[in-house]
Amino acid sequence: MKHGVAILGATGSIGKSALDVIERHPDRFRVVALTAHSSVSALVALCARVRPDFAVIADPARESALREGLAAAGLPTECLGGAAALSSAVTAPGVDTVIAAIVGAAGLVPTLAAARAGHRILLANKEAIVCAGGLLMDAVRTGEAQLLPLDSEHSAIHQCLAGTAGTRGGVRRLILTASGGPFRTRTELSEVTPEQACAHPNWVMGRKISVDSATLMNKGLEVIEASWLFGFAPANIDVVVHPQSVVHSMVEFVDGSVLAQLGTPDMRTPLAYALAFPERVASGSDTLDFLALGALTFEAPDYARFPCLRLAYDALRAGPAACVWLNAANEMAVDAFLARRLSFLGIARVIEATLEQAPLQAPHSIDEVLQGDASARRKAGALIERSA
Ligand code: NDP
């Protein structure tokens with residue numbers, strides 16, 4: 001039987017890679033639903049390509065444009081609009097697999113809906129698990145869903161832990177690798193532009209995650225994600241800079257063994273791994289050419305030049321409320337940086353000042369997470385205004 005797939009964030013970088021892998025295996029997968037935020041014409045083009053049953057545009061003001069676009073293309077795809085309709089896409093008839101590839105906390109509610117529906121969730125949307133790790137993991141357990149990571153680092157760890165049969169006792173630490181981003185060797189960061197920050201040396205990605213990679217907040221969010229996904233304390237999760245992005249992450253065991261997963265930097269590999277798990281299917285990625293690679297190098301992250309990584313560890317130690325605030329402040333600061341309303345160095349300053357006001361009390365419901373997110377956005381917004 002074919003798996004019915006819903007792709008949240010189909011018009012983005014992960015969404016496009018996901019469709020590339022899915023289309024290689026028409027015998028295994030059928031696309032049932034696609035969603036986007038506001039890119040109507042891109043969504044219509046994808047619908048013409050894969051003919052899903054449902055298309056959702058989260059911006060309600062664009063629903064009629066989507067409806068007209070689908071009709072003009074002669075497509076029978078059912079059209080829905082508004083953020084609430086994202087959850088309808090993941091619970092639509094025929095869906096059993098959800099690719100969570102919305103950027104930001106906006107992906108949290110539909111990802112939770114997928115967990116409650118008992119689906120297989122392929123998680124790229126790290127902000128969702130950073131904001132509500134405990135609630136999401138609970139929903140996965142009670143909904144009898146399955147959560148598989150798409151981040152290449154977490155996919156690597158998932159693969160390295162495969163032989164541990166669920167026992168974490170033999171693991172000494174998780175080692176997340178980081179490319180170091182476009183400014184790994186640049187000392188002067190005060191004049192950085194959005195174009196420079198988005199020019200990642202190894203990966204082509206959406207603008208928000210590209211800036212997160214440049215500040216190393218991406219790695220910080222991934223430390224929090226790893227803690228929730230695999231159940232390790234921050235003291236057992238290390239970050240190592242590995243500029244070639246070939247070793248995607250590693251697991252060190254108490255006997256001294258270290259397992260690593262390697263591959264070319266291509267998101268279609270973790271996508272194919274998660275889509276077919278526990279089987280293996282072709283992804284379209286290139287073979288790793290060891291002879292052309294030469295050396296693989298490793299270095300320590302520079303916490304002084306990239307304070308966002310330290311801020312993420314601090315938030316993880318402080319607890320779930322701080323993680324909500326960290327993520328919200330980061331989303332606001334990155335938006336402002338991309339809109340040239342905040343400097344590159346201002347991103348960490350805004351996050352640090354916002355975090356100082358974060359409550360200690362952990363959120364107990366999704367509503368409390370969303371309230372915390374809104375409060376943190378207000379504080380961060382005011383700080384950004386003041387810094388302009
Ligand atoms: P993109 O910016 O390329 O795409 C984001 C997608 O989310 C688009 O489809 C966009 O729609 C949609 N979207 C944005 N805002 C909203 C909203 N408020 N409501 C509903 N949909 C929304 O991002 P990426 O594909 O690069 O990243 C997606 C997620 O995957 C992020 O969490 C990122 O950290 C993670 N990730 C990405 C990797 C990569 O290689 N790109 C690697 C590992 C993780 P529209 O086009 O209409 O704006």
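**Around the ligand**

I started with the helices: H1 (13-23) and H6 each supply at least two residues of the shell around the ligand. I kept in mind that this is a predicted model.

Next I looked up the shell itself. The ligand has 25 residues around it, and the closest are Thr 11, Ser 38, Ser 39, Glu 127 and Gly 206. By type, I noted 13 nonpolar, 9 polar and 3 charged residues in the shell.

Then I checked who reaches the ligand's oxygen atoms. Thr 11 puts a polar side-chain atom 2.6 Å from an oxygen atom of the ligand. Glu 127 also uses a polar side-chain atom, at 2.7 Å from a ligand oxygen. With Gly 206 it is a backbone N or O atom, 2.9 Å from an oxygen atom of the ligand. How much of the ligand does the protein bury? Taken alone the ligand exposes 910 Å², and the protein buries 86% of that.

**Helix H16**

Which residues of H16 are buried? I wrote down Ile 366, Val 369, Gly 372, Asp 373, Ala 376, Ala 380, Gly 381, Leu 383 and Ile 384. A reminder to myself: an α-helix has 3.6 residues a turn, so residues three or four places apart point the same way.

Last, I looked for what covers the buried residues of H16: the cover includes helices H5 (108-116), H6 (126-142), H14 (320-338) and H15 (344-355).

Key:
Residues are numbered from 1 along each chain as its sequence is written. This is a predicted model: local features need pLDDT of at least 70, side-chain atom pairs count only at pLDDT 80 or more; totals for chains, interfaces and linings use all residues. Side-chain values use heavy atoms; hydrogens and water are left out. Buried means under 20% relative accessible area, exposed over 50%, partly exposed in between (1.4 Å probe, protein chains only). Helices (H or I, at least four residues) and strands (E, at least two) are DSSP runs, numbered from the N terminus. Contact means heavy atoms within 4.5 Å. A residue is near a molecule or strand if one of its heavy atoms lies within 4 Å of it. A polar contact is a pair of N or O atoms within 3.5 Å; within protein, one must be able to donate a hydrogen and the other to accept it, and residues adjacent in sequence count only if both atoms are side-chain atoms. Accessible areas come from the Shrake-Rupley method with a 1.4 Å probe; for residues, only the protein chains shown count as cover. Ala, Val, Leu, Ile, Met, Phe, Trp, Tyr, Cys and Pro count as nonpolar, Asp, Glu, Lys and Arg as charged, and the others, Gly among them, as polar.
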